[in-house]
Amino acid sequence: MILMMKAQKAILSLFQTEVLIDSSAVWNYLQLFSDKQYVSINIDIPVKHSQYNIEKHNGNTYLIYNTLFSSMITLSDSEFIQYKNLNFSDLDIVEALIDNGFMIPEFINEFERYEYYRHELEDKYSSSAHYTIALTTKCNARCIYCYEEGIDQYDMSFETAEKLANLLCQSEKEINITWFGGEPLIKTDLIGVITEILHKNDKAFKSDIITNGSLLTESMIQDKFQKWGVEFVQITLDGMAEEYLRRKCYYRNKKDVFEAVIKNIDSLIESGIYVDVRLNTDSENREECMKVTEYLKNRCSSNPYLNVYPSFLSGKSRGLVECERINYTDAIYKIYPPESGLLKSVPKITPCFFQQEGAFVIDTDGSILCCDRDIGKRHTKIADIDKITNFDLLKKPTNIIPVVRNQCKHCVYYPKCGGGCSAAYSSQNSQDACFMEKYKIECLLNKIIKF
């Protein structure tokens with residue numbers, strides 16, 4: 001037996017007591033709790049396996065990882081049999097398994113207790129505010145998979161941009177902005193308007209951009225990004241040049257646009273701007289996405305400012321089935337491994353932007369939304385910037401938060417995923433809502449068990 005990662009004792013202790021901690025006290029409890037305060041439960045109490053244990057075997061050793069308590073242990077064949085049968089001849093193994101959450105009291109319903117504490121802590125994790133600002137719904141490309149297809153084409157007005165900026169200045173929280181579209185770099189003038197007002201009011205902020213990368217210029221990166229507070233850029237590549245052009249369908253389809261985007265990525269990472277290259281993948285372009293991944297790795301070596309990650313397009317027609325997704329992500333992650341810190345991270349309090357307090361989407365007309373997939377669908381708005389005085393006072397309606405799916409309630413990855421993308425719950429493919437955490441965890445654990 002080797003204990004590779006100890007459980008986070010403050011969290012573990014919440015799942016070993018009969019009495020729930022009152023909502024007004026749980027935050028302070030977690031903040032002030034030290035491992036020295038932890039008291040192991042009586043080993044005579046009936047126990048069961050945690051529903052959040054992932055078990056791996058390499059032929060010689062068993063590895064168990066718990067996604068709720070972020071603990072990890074290796075067991076020999078004989079020790080694993082004791083664990084599976086809950087019948088122990090070695091008390092040291094019993095204590096290690098209980099004190100790290102691999103076994104919990106039989107009376108505990110882990111999912112219900114996790115949900116209770118998750119909801120009690122939601123507002124405690126909103127010390128910063130995040131605003132996704134849709135500067136325009138126009139775009140210089142017509143991606144064949146875009147979920148904004150068919151919505152009306154509008155730009156945010158200068159008046160709306162100024163109102164929004166002045167409203168942001170009223171917040172007492174740290175501000176993070178995502179410049180969004182359409183293609184946000186069509187309206188760099190509005191980025192200038194908003195950031196200038198923030199600077200004049202000494203309002204600290206950081207920002208990132210989600211862009212196709214084709215409108216970036218060297219002067220923009222060198223001269224504008226610092227003023228705009230840009231620290232991170234997400235760019236989508238769907239394949240090498242020919243496939244990329246076929247899928248992007250630029251209005252002005254210059255043959256060298258792929259090469260221009262690659263050069264822009266070079267310039268960004270050389271300037272210390274973090275870049276995530278997103279691979280929007282389906283059954284038709286997965287080989288092309290692999291080529292892009294290998295190409296970037298060879299071109300950029302191990303530049304710490306560049307990350308490449310897969311994302312699956314929704315729907316049954318061209319979507320990958322689960323076994324294909326597993327094999328594909330494993331191949332990508334061998335080239336660009338996921339952050340190992342995921343295994344040590346605390347359980348998710350809010351799964352996505354939609355449910356996060358203090359996180360809002362601002363549409364081009366000033367409508368306030370909960371999700372970027374609702375841009376252009378103004379019937380989903382929860383407020384208008386004209387009708388509020390401070391974002392800090394705005395709460396998301398509880399009646400719009402979807403019920404957790406049954407398959408998520410019983411999923412071993414749930415504490416790291418939180419239930420996935422609410423907007424994709426209605427997809428024909430039930431896996432479309434899943435975040436990439438489960439694939440990352442599998443990749444990291446498989447890598448560990450092979451050593």
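Which residues do ring pairs link into a cluster? They are Phe 15, Phe 69, Tyr 116 and Tyr 117. Here, rings of Phe, Tyr and Trp (its six-membered ring) pair if their centres lie within 6.5 Å; planes under 30 degrees apart count as stacked, over 60 as edge-to-face and the rest as tilted.

This is a predicted model, in which local features need pLDDT of at least 70, side-chain atom pairs count only at pLDDT 80 or more, and totals for chains, interfaces and linings use all residues. Residues are numbered from 1 along each chain as its sequence is written, and side-chain values use heavy atoms, with hydrogens and water left out.

**The whole protein**

The protein has 15 helices and 15 strands. Both are DSSP runs numbered from the N terminus: helices are H or I with at least four residues, strands are E with at least two. The C-alpha trace spans about 70 × 50 × 40 Å along its principal axes. For 451 residues, a compact globule would have a radius of gyration near 22 Å, and the 24 Å of the protein agrees with that. This radius is taken over C-alpha atoms, and the globule rule is 2.2 Å times the number of residues to the power 0.38.

Of the 451 residues, 53% are buried. Buried means under 20% relative accessible area, exposed over 50%, and partly exposed in between (1.4 Å probe, protein chains only). Among contacts with a separation of 6 or more, 74% join residues 24 or more positions apart. A contact means heavy atoms within 4.5 Å.

**Helix H7**

Several residues of H7 are buried, including Leu 190, Ile 194 and Leu 198. What covers the buried residues of H7? The cover includes strands E7 (128–134), E8 (174–180) and E9 (205–211), along with helices H6 (158–168) and H8 (218–228). After H7 comes Asp 202, with a positive phi near 55°.

**Aromatic rings**

By the pairing rule, the count comes to 17 aromatic pairs. Two of the pairs are set out below.

| Pair | Distance between centres | Angle between planes | Class |
|---|---|---|---|
| Phe 80 and Tyr 83 | 5.5 Å | 45° | tilted |
| Tyr 131 and Phe 391 | 4.7 Å | 55° | tilted |

Phe 80 and Tyr 83 both belong to helix H3 (residues 77–85), where they stand 3 residues apart, about one turn of the helix. Phe 80 counts as buried, because its relative accessibility is 9%. Tyr 83 is buried too, at 0%.

Tyr 131 lies in strand E7, while Phe 391 lies in the loop between strand E15 (383–384) and helix H13 (406–409), so this pair ties together parts that are 260 residues apart in sequence. Phe 391 is buried at 2%.

**Charges over rings**

Two lysines meet rings face on. A charge sits over a ring if NZ of Lys or CZ of Arg is within 6 Å of the ring centre and within 35 degrees of the ring normal. The charged end of Lys 297 sits over Tyr 336, 4.8 Å from the ring centre. Lys 396 lies over the face of Phe 360, at 5.6 Å from the centre of that ring.
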